Amino acid sequence: MIKNNFKIILLIFATIFMISCKNEIKPTSEKLPSLKGKNILMVYGGWDGHQPAVFVTKVSKWLELAGAKITLSDSLGVYTNKKIMDKTDLIIQYWTMGEITKEQFLGLENAIKRGVGLAGCHGGLGDSFRQNPEYQYMIGGQWVEHPGGKIDYTVNVLDVNDPISDGIKDFEIKDTEQYYMHIDPNTKVLATTKFTDSIHSWIKDRVMPVAWKTYYGNGRVFYLSIGHDPKDFDTDGAKELLFRGIRWASGSRYEPKENTLSAVYE
Ligand SMILES: [Zn+2]
């Protein structure tokens, strides 16, 4: 009898322990907003070398699988379409260089300010509309160089207690561009890369953000510098960072505002 009671007490303690562990260690997938039923606008175009249509086909498949409703547009004119912009939760833009009109930019800017999320990668978000500094103010960075063109490099995922980068290991990415950028030193950086002296001796050991999160008005902005070729997202770490960043950015309208301020200079 005593033995049985002891077994029962042990079982109760084990159950309490398991429940408390479950509450403590929340899987990343639960910490990020779900894409199910979200309206995502994918805007693609600009310099053709970045294969915007191939990128959109690849990424829209992930989003569809996650239950998102997708609207595609190969025109920046969509930013002036109030009906579409009003129902959009998240914009994924993949538009390298090119030009944006004043009206188109206002449509985009107003949407993000009032809480539509913005996510994207590489030149499609970080090298669009070079003539528009307000756009760069919104993203938090601008491409300036990719020393050596297509090379192999390492991405270091930072341990910053963030569900976008949580648990992703450092990874190598091959035959693609390592972006050197001018950046806003206040964003929350999630991954970095270190340059070598193989192309430009003076940049040896310089560390550059690869992924960050920030806000523009009420809108969540997520950026990843990987993605010269859509095949870059066949690398698990790259895919995971982009997909999780998209999920995070889709939540601006539904989640409380988060503190992403992470100033380098105090
Ligand atoms: Zn590129």
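This is a predicted model: local features need pLDDT of at least 70, side-chain atom pairs count only at pLDDT 80 or more; totals for chains, interfaces and linings use all residues.

Colleague: Which residues of helix 3 are buried?

Modeller: A residue counts as buried if 20 or more other C-beta atoms lie within 10 Å of its own. In helix 3 that applies to Pro52, Phe55, Val56, Val59 and Leu63. Viewed down the helix axis, these buried residues fall within an arc of 90°, so they line one face of helix 3. Lys61 and Leu65, on the other side of helix 3, are exposed.

Colleague: What do the buried residues of helix 3 pack against?

Modeller: Their partners are strand 1 (39–46), strand 2 (69–73), strand 3 and helix 6.

Colleague: How do strand 1 and strand 2 run, and how many bridges join them?

Modeller: Strand 1 and strand 2 run parallel, with 5 bridges between them. To find the pairing on screen, look for Ile40, which stands opposite Ile70 of strand 2. Together with helix 3, the two strands form a right-handed β-α-β unit.

Colleague: How many residues does helix 3 have, and what is its reach?

Modeller: Compare the distance between the end C-alphas with the span expected at 1.5 Å a residue. Helix 3 covers residues 52–65, which is 14 residues, and its reach of 20 Å is close to the 20 Å expected. Just after helix 3 comes Gly67, with a positive phi of about 90°.

Colleague: Which residue has a positive phi although it is not a glycine?

Modeller: One of them is Phe129, at about 50°. Phe129 sits in the loop between helix 6 (122–126) and helix 7 (133–139). Asp175 is another non-glycine residue with a positive phi, near 55°, and it is found in strand 7.

Colleague: Is each of them buried or exposed?

Modeller: Phe129 counts as buried because it has 23 C-beta neighbours inside 10 Å. Asp175 has 12 such neighbours inside 10 Å, so it counts as exposed.

Colleague: Which residues of helix 8 are buried, and what covers them?

Modeller: Helix 8 spans residues 236–249. Its buried residues are Ala238, Leu241, Leu242, Arg244, Gly245, Ile246, Arg247, Trp248 and Ala249. Note that Arg244 and Arg247 are on that list. The cover over the buried residues of helix 8 includes strand 3 (90–96), strand 4 (117–121), strand 7 (171–177), strand 9 (188–194), strand 10 (207–216) and strand 11 (219–224).

Notes
Residues are numbered from 1 along each chain as its sequence is written. Helices (H or I, at least four residues) and strands (E, at least two) are DSSP runs, numbered from the N terminus. The expected span of a helix is 1.5 Å times one less than its number of residues. Two residues are in contact if their C-beta atoms, placed from the backbone, lie within 7 Å. The arc is that of the directions from the helix axis to the C-beta atoms. Two strands pair if DSSP finds at least two bridges between them. A crossover is right-handed if, with the strands pointing away from the viewer, the path from the first strand over the helix to the second runs clockwise.
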